[in-house]
Amino acid sequence: MSARARILAWVLLVVLLALAGSLLATRTVLHNQLDQRLDNEIAHETGKLRAFLASPDARPAGQPATVEAVLGRHLERNLPEKYETFFSISDGAASRRSAIEPPVRLDTDPKFVAELSRATSPAYGTVTTAVGSARYGVVPVTIEGSPGRGALVIVEFVDHAAGEINDVVGVMAAMSGAALVLAGLIGWLVAGRILAPVREVRLAAEQIGETDLSRRIEVRGSDDVAALGRTFNTMLDRLESAFAGQRDFIDDAGHELRTPITIVRGHIELMGEDPEENAETRRLVLDELGRMQRIVDDLLVLAKSGNPGFLAPGETDLADLTVETLAKSRPLADRVWRLDAVAEVKVRADGQRLAQALLQLVSNAVRHTSPGEEIALGSEVTATTARLWVRDTGEGVPPDSRSRIFDRFKRGSNSSGDDGAGLGLAIVAAIAEAHGGRVLLDTVPGEGATFTMEIPVAEGADR
Ligand SMILES: Nc1ncnc2c1ncn2[C@@H]1O[C@H](COP(=O)(O)OP(=O)(O)OP(=O)(O)O)[C@@H](O)[C@H]1O
Ligand SMILES: [Mg+2]
């Protein structure tokens, strides 16, 4: 069952129950009111009879004053409603009845009449007739100076009168049914309109393959469904750029590896018989393979850098890290090696990755300085930030290159001759960012460059 049909079915069920409940309640209230009204009616008729008996009209001069005659006169004056009938009993038998034909004759039922004629005081009761149940009242009447005994019987046909109630309830039920059908139709249309964007999201999602992430959902309005559409579109934006990034990464990597492969291939194809030449070729080939190895290793680091497992954070002593990296760096080249500052603090970080980044910076510094120039390492910490830097007094980074050197495979205009691939600073940036930090460059052309990794540390780091 579709969401649309399910929602609608529930709504209609609730409305149906509410309508049925209110119809039932209305019917019950009307019936109770009717019972009350009919009892009042009997009481009222009894009152009228008493008033009549007390009035001079009951025994006009010159007319018979028997019970039968007096009750007859009362019945002549008093017309019943269509759901009522009155009749009189005189000496144990029905005698007169009101002028209007009742729904059912009770005065012709000898048992009923005999029972009522035995009443000695006003009494009420219920009787079942051919038109359903009826309320009756019987008022025994005796006339002073007249021997006979009589009674007035007032009958209210309850079920007959209830026909009106059934009519009302029937009309209400018909209207409720029509309203329900109308509500169903409108609900179906409205639900369709509301759910249309959801359907659109689903269709769009179905059409989006790995190859085509360009499709977007048309967002209208500002409701929840529109928000869903927008969220979905933002997710697609992210996916699209992630896939594009991945494609670029593979393109770049393939492109960059093609050159050393071509060189190696060319050398091997041209290998001849001369052992001296071959030894040189061998050296060149191994050199290129070493370069390829480095590129592949660096690419693997970069590829991993987006993954959650890239860092293995632990307790890292920044002083040890700085001093040990300097010690590892010294043998790399003939430079004036210095220690600028040491942060005597332990922080939570991946020490090996930080050392890897520092060594990348050192290798750059070596590449862009000459023997006798200075390379310094340092670390410091504030309440919230740890800084690790590599400073050199080399040529510095030319202004035109500063914005791009942190991108992968991007090298500065000062490095055309060397064999770098342009991955070092990308790795440094990836390691800093994985720690929630960044890399800063401070450089003056001709005077040197300082690359600083800034990473946030938990407050109250262990000094
Ligand atoms: N200390 C530095 N002094 C001057 N220029 C630098 C320095 N460090 C980096 N650069 C510039 O930044 C560019 C990018 O550096 P990066 O480390 O990313 O690549 P690379 O050193 O050329 O190659 P790789 O590190 O992959 O071997 C370098 O080509 C160079 O132009
Ligand atoms: Mg480098």
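At 28% relative accessibility, Asp252 counts as partly exposed, where buried means under 20% relative accessible area, exposed over 50% and partly exposed in between, with a 1.4 Å probe and protein chains only. That residue sits in helix H5, and it is a handy starting point for a tour of this predicted model. Residues are numbered from 1 along each chain as its sequence is written, chains are lettered from A and ligands numbered from 1 in the order in which they are written. In this predicted model, local features need pLDDT of at least 70, side-chain atom pairs count only at pLDDT 80 or more, and totals for chains, interfaces and linings use all residues, while side-chain values use heavy atoms, with hydrogens and water left out.

**The chain as a whole**

- The chain has nine helices and twelve strands; these are DSSP runs numbered from the N terminus, with helices (H or I) of at least four residues and strands (E) of at least two.
- Its radius of gyration is 54 Å, whereas a compact globule of 463 residues would have one near 23 Å; the radius is taken over C-alpha atoms, and the globule rule is 2.2 Å times the number of residues to the power 0.38.
- Along the principal axes, the C-alpha atoms fill a box of roughly 165 × 55 × 35 Å.
- Buried residues make up 39% of the 463 in the chain.
- Among contacts in the chain with a separation of 6 or more, 63% are between residues 24 or more positions apart; contact means heavy atoms within 4.5 Å.

- The buried residues of H5 include Val225, Phe232, Leu236, Phe249 and Val264.
- Helix H4 (158-207) and helix H6 (275-304) are among the elements that cover the buried residues of H5.
- Leaving aside neighbours within four places in sequence, Asp252 is in contact with Arg408 and Phe409.
- Asp252 and Leu17 are 235 residues apart along the chain, and their C-alpha atoms are separated by 68 Å.

**Two residues with positive phi**

- Phe409, one of the contacts of Asp252, lies in the loop between E10 and helix H9 (424-434).
- Phe409 is not a glycine, yet its phi is positive, at about 60°.
- Phe409 counts as buried because its relative accessibility is 13%.
- Asp91 also has a positive phi, near 50°, in a residue other than glycine.
- The loop that holds Asp91 runs between strand E1 (84-90) and strand E2 (93-97).
- With 58% relative accessibility, Asp91 counts as exposed.

- Thr46 belongs to helix H1 (residues 3-54) and counts as buried at 9% relative accessibility.
- Apart from neighbours within four places in sequence, Thr46 is in contact with Val139 and Ile154.
- Helix H7 (residues 318-329) has twelve residues and reaches 16 Å from its first C-alpha to its last, close to the 16 Å expected at 1.5 Å a residue.
- Leu318, Ala319, Leu321, Thr322, Thr325, Leu326 and Ser329 are the buried residues of H7.
- The cover over those buried residues of H7 includes helix H8 (351-367), along with strands such as E6 (314-317) and E9 (374-381).

Conventions: Expected span 1.5 Å × (residues − 1).
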